[in-house]
Amino acid sequence: MSSLTHTLRALTAAAFSLALVVPATVARAEPSPAELTRRIEKSSTELERVVESHNELREKIKENRTAVERLESRIGPLEQQTERSRADVGEMAVTAYKTGNLGTVDALLHGGDSTTVLDRLGTLDHLTRQRQATIAGFTADQRRLLDEKTRLDVTLNRQAAQSRELASAKQRIERDLARLYELRRQAYGRAAERPTNQASNAADAPAVSGKAGVAVRYAYGALGKPYGWGNDGPGSYDCSGLTSAAWRAAGSSLPHNTRMQWGVVAHVSRAELRPGDLVFYRGLGHVAIYVGSGQVIHAPTFGRNVEKRDVDLMTPYGYGRVR
């Protein structure tokens, strides 16, 4: 056997052995902890915007539900009034049919002096105006009733469309959230932080008077509780859910949406900031409650717990005081 043949066989055997120990394709490198953290932060920020849109839609549905109740409460009395007006017009028509219409000629042909004739003409004019007013009232009642029913139909249709959109948004959030939690498991070994003991948190709250003090103490009591999208307590919170719950405890109503909260608070400067005020971030995509000494309490994001941080945890968008 020639040396060339021996060489070819040796090369073939070596190649075969290499094929057994080297994969056909190069294995993809696992993402580094830093890369996983970057992905988690990016996904969390994007998903929080979706959650706040979901919250805004839910608040609008609540507003529409209130509008529907208000319209329905007005429609009932209007229907009764319209029926009464219809009955009055009907009775007037029956009376006119049975007695015949009193005309101007009838008033002039009947005997009597000029005073009697003028009296009859005055009565005729009064009856005519009364009849016209009754018919006009009936027409106006009908028009108001139809307008209210039209507004009710528009509101109900809008509410139905929003409910469908809400269901679709919820499905998207749950789908994206599953991916985010898987990233957190890869990076940290678990999908969410363990809730911490909150027993003494409220006792640590600074002394703040009035409603603001109630809101601040509530926020302290929420420290260590988990983030829960769409939730406003008492077991979990998202960012606007925490601020709305804190101020609800103080007797003030805030919508469960960051952008809508910005729309109802009085805007103040950084220099005017005091405990109980709200601090807004990320172009109105996130909100926290100021608790004094340069600190805020907020529900940070998915998989995290309510925490106390420096007010400049990210660049503030603006500051608001609950009216």
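Predicted model: local features only at pLDDT ≥ 70, side-chain atom pairs only at ≥ 80, totals over all residues.

**Salt bridges at a glance**

Across the whole structure, a search turns up 17 salt bridges, and a handful of them are described below.

**Glu48 and Arg282**
- Arg282 pairs up with Glu48 in a salt bridge, and their closest N and O atoms sit 2.4 Å apart.
- This pair ties together distant parts of the chain, 234 residues apart: Glu48 belongs to helix α2 (residues 33-99), while Arg282 lies in the loop between β2 (278-281) and β3 (286-292).

**Arg151 and Glu148**
- Here the two side chains meet in a salt bridge with an N to O distance of 3.2 Å.
- Arg151 and Glu148 are 3 residues apart in helix α4 (residues 114-188), which means about one helical turn separates them.
- Glu148 counts as buried at 9% relative accessibility, whereas Arg151, at 43%, is partly exposed.

**Asp312 and Arg270**
- The side chains of Asp312 and Arg270 form a salt bridge too, at 3.0 Å from N to O.
- They link distant parts of the chain, 42 residues apart: Asp312 is in the loop between β5 (307-310) and β6 (316-321), and Arg270 is in the loop between β1 (266-268) and β2.
- Asp312 is partly exposed, with a relative accessible area of 41%, and Arg270 is partly exposed at 39%.

**A network**
- Salt bridges also join Glu193, Arg304, Glu307 and Arg309 into a network.

Notes
Residues numbered from 1 in each chain as written. Heavy atoms only, no water. Salt bridge = Lys/Arg side-chain N within 4 Å of Asp/Glu carboxyl O. Helix = DSSP H or I, 4+ residues; strand = E, 2+ residues; numbered from the N terminus. Buried < 20%, exposed > 50% of the residue type's maximum accessible area, 1.4 Å probe, protein only.
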